[in-house]
Amino acid sequence: MRSADARPVAEGGDGPSARPMLAADRDGYIARHELWSERQYAAAGQMRRVIDELGLELIRFSFADQHGVLRGKTLTRDAVPAALRSGVTAPSSLLLKDTSGKTVFPVFAADTGVGVRGFAGAGDVVLVPDPTTFRVLPWAERTGWILCDVRFPSGAAVPFCTRGVLRTQLDALAAAGYDLTVGVELEFHVYRAAEGMSARHVGRPGAPGLPREVSPVSSGSQLLHEEGLDRLDDLVQLLHRGLTGLDLPLRSLELEFGPNQLELTLHARDAARSADDVMLARAAVRQISRRHGYHATFMSRPAGAETASTGWHLHQSLRDRATGTPAFDPELAQNGAGPLSPLGRHYLGGLLEHARAATVFTTPTVNGYKRYLPFSLAPDRVVWGADNKGAMVRAVGGPTGTRLENRSGEPAANPYLYIASQIVSGMDGLARGLDPGPPVEDPYDVRASGLPRSLAEALDALDADPVFARSLGEEVVSWYAALKRAEFARYLAHVSDWEQREYFDLI
């Protein structure tokens with residue numbers, strides 16, 4: 001269970017109880033390379049106190065990999081003090097794998113091809129815990145959880161740490177005078193899971209095993225049906241207790257349109273915290289569901305989901321750092337320009353200008369592109385609309401000013417890269433004064449530029465758009481594109497059930 005003491009740990013409080021423990025944390029790798037702020041040292045002291053008071057026995061040290069999947073190690077309580085001084089080592093090859101677990105780069109060759117030193121021989125990187133993210137897991141007995149950044153043993157930043165990628169972009173935005181607020185809507189599928197596994201469920205890198213057998217939990221076609229949600233009340237209650245027990249800013253749990261679909265929404269807050277929230281929320285949904293006989297997936301279009309796919313609608317708005325006022329405030333709009341300030345229009349212009357290339361980050365899986373269909377409550381065109389849910393970007397007004405909702409993302413996207421791609425695009429729009437044009441009334445007009453129809457097409461768009469390499473770094477874009485091209489090549493080489501049914505008996 002969550003203790004009342006657990007909340008200040010996540011906030012990084014600096015109370016008297018934390019101070020006696022700071023000295024013990026101020027030696028080792030983390031202090032030597034000056035990787036923590038005073039706030040993090042204070043949070044580390046409180047974290048150790050909570051571990052002792054609650055009798056926690058296991059702490060999960062996790063980082064978000066390139067695919068937005070948590071990886072790391074579970075340490076015993078006796079190992080935690082050393083981890084808070086010097087981090088936790090893990091194989092660097094974790095950052096070079098595709099979604100099947102296959103290492104894409106030749107790590108045992110003289111030249112790994114990554115473009116960055118430090119990955120040869122699958123040597124170690126260091127997971128540096130961020131004590132301000134510490135949580136006590138409500139669903140796992142005497143277990144805590146902490147999110148980490150990734151560094152080289154030399155103390156240098158690993159450029160492929162996606163949490164660091166977002167932080168760099170937020171720093172650039174702050175230097176321009178703005179902060180980013182992000183709100184999250186995550187749709188997902190939940191099924192009843194069959195018990196047990198067999199040999200056919202066991203896979204290997206490059207060739208995953210068959211997924212678990214599942215059965216439906218809802219029939220679909222009845223959006224926000226109260227009794228439909230009530231039929232899933234046991235699951236809803238479990239998720240509510242788990243997510244709020246982690247102090248996540250849960251706003252709602254809703255029944256979506258498609259069979260077996262639910263949605264969770266999180267209150268808007270600073271972009272870095274929202275990205276962390278997404279990582280923990282997705283892990284919580286999957287783990288809680290599995291422990292109670294369900295299977296939850298953030299795959300956008302699993303088999304049988306032909307009527308509706310799931311998406312991740314990312315709400316974003318800028319605040320002036322000096323005044324705290326909403327920078328997209330519609331009261332600043334001029335000459336009937338619509339529901340956005342001039343700055344908001346330029347930011348939006350950047351989102352549209354770079355939408356096709358950014359799709360690699362908003363929709364990073366082969367499966368996600370099957371969602372881009374006309375008249376489906378998902379976008380398939382690079383357009384914006386004023387409160388139009390068929391548009392890729394929806395401008396939504398409100399008492400706190402206008403926000404922009406990008407509806408192109410899939411729920412499995414790495415949150416740090418998704419949000420970073422929006423900052424890169426929007427800031428280029430500000431720098432160049434890009435004009436998004438008028439809002440559309442027909443978001444599925446075929447005359448508008450289409451979103452990429454496949455991951456390969458999106459990767460080609462990324463290659464053709466220099467703004468991401470310029471902002472994120474050429475080595476980061478090259479690394480990520482190589483992983484995704486290898487993933488797509490495996491997809492093309494696979495003989496699908498469609499091909500077998502279509503041709504095996506016919507020709």
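Me: Is the crossing of α11 and α12 left-handed or right-handed?
Reply: Quick heads-up: this is a predicted model, where local features need pLDDT of at least 70, side-chain atom pairs count only at pLDDT 80 or more, and totals for chains, interfaces and linings use all residues. Residues are numbered from 1 along each chain as its sequence is written, and side-chain values use heavy atoms, with hydrogens and water left out. A crossing is left-handed if the near helix is turned anticlockwise from the far one by less than a right angle, and right-handed if clockwise. For α11 and α12 the crossing is right-handed.

Me: How do α11 and α12 run relative to each other?
Reply: Helix α11 covers residues 355–362 and α12 covers residues 415–432, with axes 8 Å apart at an angle of about 160°. Axes here are lines fitted to C-alpha atoms, for helices over the stretch in contact, and angles run from 0 to 180 degrees between N-to-C directions. Angles under 35 degrees count as roughly parallel, over 145 as roughly antiparallel, 65 to 115 as roughly perpendicular and the rest as oblique. So α11 and α12 are roughly antiparallel.

Me: Which residues of α12 make the contact with α11?
Reply: Contact means heavy atoms within 4.5 Å. On the α11 side you'll find A358, F361 and T362. Their partners in α12 are L417, Y418, S421, Q422 and S425.

Me: How many charged residues does the contact of α11 with α12 have?
Reply: Ala, Val, Leu, Ile, Met, Phe, Trp, Tyr, Cys and Pro count as nonpolar, Asp, Glu, Lys and Arg as charged, and the others, Gly among them, as polar. This contact splits into four nonpolar and four polar residues. The charged count is none.

Me: What about α6 and α12: how do they run relative to each other?
Reply: The axes of α6 (residues 162–175) and α12 come within 9 Å and cross at roughly 25°. That makes the two helices roughly parallel.

Me: How many nonpolar residues are in the contact of α6 with α12?
Reply: Among the residues meeting here are L166 and L170 of α6 and I423 and M427 of α12. By class there are two polar, one charged and, for nonpolar, 12.

Me: Which residue in the turn between β1 and β2 has a positive phi?
Reply: β1 (residues 58–64) and β2 (residues 70–76) pair in the antiparallel sense over seven bridges; pairing takes at least two bridges found by DSSP. They form a hairpin with five residues between them. The positive phi, about 75°, belongs to G68.

Conventions: Helix = DSSP H or I, 4+ residues; strand = E, 2+ residues; numbered from the N terminus.
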